[in-house]
Amino acid sequence: MDDKLLVLDIRDILKKRIPEKKRKWIPSFLITGVEKLIRQKELNEILAATYPAHGSEFSRKVLEHLEITVEVKGLGNLKDNHRYMFASNHPLGGLDGMALITVLATKYGDGNIRFLVNDMLMNVTPLKDIFLPVNKFGKQGKANTLEINAKMASNCQIFQFPAGLCSRLNDRGEVSDLEWQKSFVVKALEYKRDIVPVFFKGKNSDKFYKIARWRKKLGIKFNLEQILLPSELCKARGKHFEIIFGKPINWRQLAESGKNSKELAAMIKGHSYALGKE
């Protein structure tokens, strides 16, 4: 356990990652602008208020600090001694994960849940014991692969946001996930896990979606809107969210459906979004 208080410091990050010769060309006002954009001061207040909590206690304290309430439905669909692969939409990009960690840890305990995440999130030290790192931009390390497979074979409950990135506005003006990747289906079938579709009711600010849409129209590949996600967390203060757990889908039925993994992923995504309309 890391007992050191985690502090976000953009200037220090730049100092460590950018050579001094290049760093001197970055104007101070630009760095100050980024600090304000991501609400660095507020984020550090959250980290200070939750210190030294780890795991689901950290997630719960973040929700409490932001005065966020969560309504949960469908937990009765889950068996206590069954191995599941949970698959959910990803509308918020941070708070949805912490809310789900809080709920699942309350039912199963911190030691029995693992969330598959981008390996960059391992820098969030209060949650690193719950996270299973996945390398999104390079070859998956052997150690990470072995750890993931070991947890898949264990009695741990496994959770994943199959879209990877958080939701965007679709062509109909609806907040919706990108395509769900098939890996969660492949792993669920390989390790004989029933899949639980989950729907999280929530959305980011209109500003987030507008920037995402304009970035796409302008053909900019760099994910500009991702920079806003820390500030979106702060903006969520006082909000109410809803989490709906659907009925588990038997892995044997999926294996015998005649559909390939990509088709099954799309089908399960449909099940998830149907929960939000019930």
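This note goes through the predicted model point by point, from the whole chain down to single residues.

1. Basis. This is a predicted model, in which local features need pLDDT of at least 70 and side-chain atom pairs count only at pLDDT 80 or more, while totals for chains, interfaces and linings use all residues. Residues are numbered from 1 along each chain as its sequence is written, and side-chain values use heavy atoms, with hydrogens and water left out.

2. Overall make-up. The protein has twelve helices and nine strands. Helices (H or I, at least four residues) and strands (E, at least two) are DSSP runs, numbered from the N terminus. The radius of gyration is 19 Å, close to the 19 Å that the globule rule gives for 278 residues, so the protein is as compact as a globular protein of that length. That radius is taken over C-alpha atoms, and the globule rule is 2.2 Å times the number of residues to the power 0.38. Along the principal axes, the C-alpha atoms fill a box of roughly 60 × 45 × 40 Å.

3. Of the 278 residues, 42% are buried. Buried means under 20% relative accessible area, exposed means over 50%, and partly exposed is in between (1.4 Å probe, protein chains only). Among contacts with a separation of 6 or more, 76% are between residues 24 or more positions apart. Contact means heavy atoms within 4.5 Å.

4. The sheet. Seven strands form an open sheet with mixed pairing, in the order β1-β9-β8-β2-β5-β3-β4. Two strands pair if DSSP finds at least two bridges between them. β1 (69–73) and β4 (131–134) are the edge strands, each pairing on one side only. On average, neighbouring strands of the sheet are turned by 25° against each other, direction ignored. Axes are lines fitted to C-alpha atoms, for helices over the stretch in contact, and angles run from 0 to 180 degrees between N-to-C directions.

5. Strand β2. β2 (residues 84–88) pairs with β8 (residues 194–201) in the parallel sense over five bridges. In that pairing, A87 stands opposite P197 and S88 has V198 as its bridge partner. β2 also pairs with β5 in the parallel sense, over three bridges, and there the bridge partner of A87 is Q160.

6. Is β2 buried or exposed? Five of its five residues are buried, so β2 is largely enclosed by the rest of the structure. In a regular strand the side chains alternate between the two faces of the sheet. Both faces of β2 are covered: Y84, F86 and S88 are buried on one side, and M85 and A87 on the other.

7. A helix on the sheet. Helix α7 (residues 142–153) lies across β2, β3 (113–118), β4 and β5 (157–160). The helix runs at about 135° to β4.

8. Helices α1 and α3. The axes of α1 (residues 10–17) and α3 (residues 28–37) come within 10 Å and cross at roughly 125°. The two helices are therefore oblique to each other. For such angles, under 35 degrees counts as roughly parallel, over 145 as roughly antiparallel, 65 to 115 as roughly perpendicular and the rest as oblique. I10, R11 and L14 of α1 meet S28, I31, T32, V34 and E35 of α3. By class, this contact has four nonpolar, two polar and two charged residues. Ala, Val, Leu, Ile, Met, Phe, Trp, Tyr, Cys and Pro count as nonpolar, Asp, Glu, Lys and Arg as charged, and the others, Gly among them, as polar.

9. V70. This residue lies in strand β1 and is partly exposed, with a relative accessible area of 27%. V70 touches L63, A99, H240, F241 and I243, not counting residues up to four places away in sequence. The C-alpha atoms of V70 and K201 are separated by 9.8 Å, although the two residues are 131 apart along the chain.

10. Backbone points to check by eye. A cis peptide bond joins Y51 and P52, with omega about 0°; P52 is in the loop between α4 (40–50) and α5 (55–65). R39, in the loop between α3 and α4, has a positive phi of about 60° although it is not a glycine. R39 is partly exposed, at 26% relative accessibility. K192 also has a positive phi without being a glycine, near 55°. K192 lies in the loop between α8 (183–190) and β8 and is exposed, with a relative accessible area of 51%.
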